[in-house]
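Q: I have a chain open here and want to go through it with you. Can we start with the overall picture and then look at a few residues?

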Amino acid sequence: SPAQLGNALLNDANGNQWKLITNGTIDPLQLGAVISKTIDSSSPMQSAVNAMLSLDTGALKLPDGDVLINSAIGGAVGNLKRYTVHGTPSSRLIVGGASGGLIFTSGFRTSPMNFLSMSIVSAIQNAGTAIQYVCPEGGNQADRIFTAQDIFIGAETFAGTDQGFNKGIVAEGLFRPYLRNILVTSGSASTHKMEVGISVDGTFKSQILDSYVLGSADVGISDVGLNGEGGYIDSNTVNGADIGYNRIRSANEPELWFINNHCNCKTAGANIDGAKYINLVNNLMYVTDSSAATYYDFKLKNIEGGKISGNDYRQPFNPSRKHIYLDGSGSHMQDIETNDKGLYATAIEYIEITAGCENITVNLPTHISSSDNIAYSNPALYSGAVSSFNDKIRINRGSSGITSVISAGSITAYGDYVNVD
């Protein structure tokens with residue numbers, strides 16, 4: 001097979017140099033890649049990547065069938081370049097080394113990349129990152145777009161070992177990355193744990209839709225950075241991670257939508273620290289570890305306003321579970337209204353409002369009878385020093401049937417700070 005010399009030049013066995021002529025789509029099979037689970041195609045696959053990167057606009061077509069790479073393939077994306085890596089439903093890239101799968105970076109913020117229709121599986125434990133595209137954080141150039149769609153990331157068992165990636169998809173420093181129909185699994189949960197399933201750290205206005213992170217992981221979906229302009233996290237499932245969705249931003253920017261998601265996690269469903277306005281709507285919240293020291297369905301800090309509405313909280317029982325936790329210790333936690341749908345699980349608190357929160361309205365959800373009792377017959381709705389509240393806390397019982405809405409003492413002891421209907 002030809003050897004790569006750089007800039008898409010190829011060297012044959014007789015020492016002749018050739019330049020690959022394409023219509024913009026590079027086929028690795030033309031450069032020596034083979035359909036095999038045991039023959040390493042790292043070199044010809046990298047040759048194909050280099051040929052793509054030599055173009056201003058190009059595509060790499062993954063072959064139908066299994067292709068093994070024992071070294072990561074990828075490279076640096078130049079300024080104002082546009083590339084696509086795509087396969088078919090039968091394309092499967094097998095990663096046999098610790099350096100990862102498709103690894104791309106760019107020193108610019110103006111070069112879109114797309115990853116479409118493929119499977120990437122690891123043949124070893126701790127196989128690095130499956131797919132990566134990282135740009136410098138900051139700015140909001142519209143050309144800095146990333147798309148990942150119709151992708152499976154998981155483990156391949158042919159090597160007979162417990163396999164898994166450290167990270168699934170890493171799309172960082174981008175403007176409006178769009179990820180849809182992504183399935184990331186971590187291999188055997190008993191012996192392998194991912195760091196993160198999907199990372200959009202340092203991005204602006206991320207859209208993650210219809211995706212599934214399954215198995216043991218530190219974080220299912222990570223959204224951390226210096227700043228970030230909202231995001232749309234819609235119709236995803238995270239099952240088995242410590243934290244389902246983890247957003248920590250030092251600067252608060254407009255709307256974050258977290259809607260129609262399903263979280264079944266070990267320490268928190270959604271941990272959100274830093275958002276100008278939140279919409280936490282119509283989510284289905286479980287807990288997968290009934291023995292966790294403390295579990296939060298929604299743990300919130302540094303929020304300037306928002307709604308928590310229409311969410312369902314399901315079993316199992318966790319004696320240290322808190323459905324909503326409002327942390328007022330940051331620069332602000334204000335203008336939050338809850339109007340949830342139903343409570344099917346028992347927990348120590350529906351909502352905990354800590355000192356420093358302002359202008360919080362709690363509309364108690366209708367309580368659903370279980371087979372043995374009514375959930376929340378005597379819930380704790382408030383904790384913390386009332387004297388440090390800066391505005392009123394309104395608790396509306398509605399038709400919930402709850403008579404004891406504050407467990408810390410009599411209602412009159414709170415004066416003007418707390419108002420109960």
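Q: What share of the contacts in the chain with a separation of 6 or more comes from residues 24 or more positions apart?
A: The share is 76%. Bear in mind that this is a predicted model.

Q: How many helices and strands does the chain have?
A: There are 37 strands and one helix.

Q: And what percentage of the residues count as buried?
A: Of the 421 residues, 53% do. The chain exposes about 16100 Å², with 48% of that supplied by carbon and sulfur atoms.

Q: New topic: Ser-119. Where is it?
A: Ser-119 sits in strand β12, which covers residues 113-122.

Q: Is Ser-119 buried or exposed?
A: Ser-119 counts as buried because its relative accessibility is 15%, and the cut-off for buried is under 20%.

Q: What is Ser-119 in contact with, leaving aside neighbours within four places in sequence?
A: Ser-119 contacts Ser-91, Arg-92, Leu-93 and Phe-152.

Q: On to the rings. How many aromatic pairs are there?
A: The count is seven. In one of them, Phe-104 and Phe-115, the ring centres are 6.0 Å apart and the planes are at 55 degrees, so the pair is tilted.

Q: Which parts does that pair tie together?
A: Phe-104 is in strand β11 (residues 102-105) and Phe-115 is in strand β12, so the pair links parts eleven residues apart in sequence.

Q: Are those two buried or exposed?
A: Phe-104 is buried at 0% relative accessibility, and Phe-115 is buried with a relative accessible area of 0%.

Q: Which aromatic cluster do they belong to?
A: Phe-104 and Phe-115 form one cluster with Tyr-133 and Phe-146.

Definitions and conventions: Residues numbered from 1 in each chain as written. Predicted model: local features only at pLDDT ≥ 70, side-chain atom pairs only at ≥ 80, totals over all residues. Heavy atoms only, no water. Helix = DSSP H or I, 4+ residues; strand = E, 2+ residues; numbered from the N terminus. Buried < 20%, exposed > 50% of the residue type's maximum accessible area, 1.4 Å probe, protein only. Contact = heavy atoms within 4.5 Å. Areas by Shrake-Rupley, 256 points an atom, 1.4 Å probe, with all protein chains shown as cover. Phe/Tyr/Trp six-rings, centres within 6.5 Å; stacked < 30°, edge-to-face > 60°.
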